[in-house]
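I opened this notebook to record what I looked up in one structure. My entries follow in the order in which I made them.

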Amino acid sequence: MTSMALEDRLENDTVSPSRLEHNGTTYIRSEYFEDGNRIFFSPLDFALNGPNEGTVIMRTEGPYKYKVKMGKKHYENNSDVPFMCEVIITMEANGRPRCKDQTLWVVIEATDVAVEKFRLRLNQGSASYCYSLQPQFFLDKGLCMMTGSDNNDVSIAFSIVTGIPKEHIILEDKA
Amino acid sequence: MSGNLLLKIGWRNDDNLWLGINPEAVEPIREFIASIGSYKLSEENVRNVEAWLKKNVSHFYDQRYNSNLPRFRLTKFWNHLGDFDLIANRLIMNDYCNPGGDSVIQSMQTSVSNTMRLYNAFQLYG
């Protein structure tokens with residue numbers, strides 16, 4: 001029995017490079033939901049390639065209708081990449097509002113401002129829960145997110161619309 | 001009428017709160033959270049939710065061990081921990097917690113998580 005590399009098994013025309021160069025521009029492949037909505041890879045991808053400020057993206061799943069409105073993007077040190085952005089989440093079930101205009105913070109980078117605002121406990125292994133998705137209602141009550149806190153309606157709604165897992169953790173070793 | 005100091009009245013039967021929760025999970029979660037009614041909030045015991053839970057909802061825990069380990073046969077609670085977290089966070093989001101109640105709810109979540117972590121370690125390493 002001879003072994004074959006995966007590359008040999010695949011026909012040439014079925015190989016799909018993850019990057020495409022066209023007219024000097026690099027294109028990265030994307031995934032989409034069946035309804036045509038873009039699946040975002042990460043909070044950074046959402047912040048850079050997602051809706052503009054004030055724009056709404058929607059998804060419907062069974063009796064549930066989710067709306068995500070991009071709010072203000074926050075920048076630091078003259079960077080052109082936001083370190084966090086606000087989104088407004090609305091969710092309806094069977095035509096009745098379940099949660100309305102709930103603010104969710106999407107944290108892209110753990111800057112000093114973000115660490116202080118969300119009381120992030122970095123470099124503490126499993127004892128730290130530095131979730132990228134931080135609902136405002138925890139802050140309003142003086143709480144910080146702990147184990148299981150990611151399983152809330154606001155983060156779930158955002159996750160369903162964008163495809164970003166609600167458990168997404170802020171990366172610390174990002175270049 | 002619960003006479004509960006840490007949670008406001010009405011959470012047990014608020015349809016909004018229990019929307020989308022597995023019907024099998026509703027009663028066990030309600031019972032588990034309702035145990036907060038006899039919890040007396042103070043500086044001393046706020047960190048001791050784990051021991052307090054083992055004593056007050058004893059049939060949720062295997063009493064053969066000093067540490068908190070789940071008891072599966074008498075309740076379906078341990079099969080629906082995602083629903084429990086969702087309800088706990090909805091209680092906080094929908095303002096059902098009186099002062100101090102939200103911290104105790106979060107401590108209950110941590111305790112439940114630790115219980116399952118210990119159980120898994122117990123299964124793996126004995």
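**Entry 1: the two chains together.** I found 15 residues of chain B in contact with 12 residues of chain A; two residues are in contact if their C-beta atoms, placed from the backbone, lie within 7 Å. On the side of chain B that touches chain A, helix H4 (81-93) and H5 of chain B each supply at least two residues. H4(B) gives the most to that side, with eight residues. I noted that helices (H or I, at least four residues) and strands (E, at least two) are DSSP runs, numbered from the N terminus.

**Entry 2: the source.** I recorded that this is a predicted model, in which local features need pLDDT of at least 70, side-chain atom pairs count only at pLDDT 80 or more, and totals for chains, interfaces and linings use all residues. Residues are numbered from 1 along each chain as its sequence is written, while chains are lettered from A and ligands numbered from 1 in the order in which they are written.

**Entry 3: a helix pair in chain B.** I looked up helix H3 (residues 49-56) of chain B and helix H5 (residues 101-125) of chain B, which pack at an angle of about 80 degrees with their axes 9 Å apart. H3(B) is therefore roughly perpendicular to H5(B) (angles of 65 to 115 degrees count as such). H3(B) contributes B:Val49, B:Glu50 and B:Leu53 to the contact, and H5(B) contributes B:Val104, B:Ser107, B:Met108, B:Ser111 and B:Asn114.

**Entry 4: chain A.** I listed five helices and nine strands in chain A. From the N terminus on, its elements run α-β-β-β-β-α-β-β-β-β-α-β-α-α.

Note on methods
Axes fitted to C-alpha atoms, helices over the stretch in contact; angles between N-to-C directions. Parallel < 35°, antiparallel > 145°, perpendicular 65-115°, else oblique.
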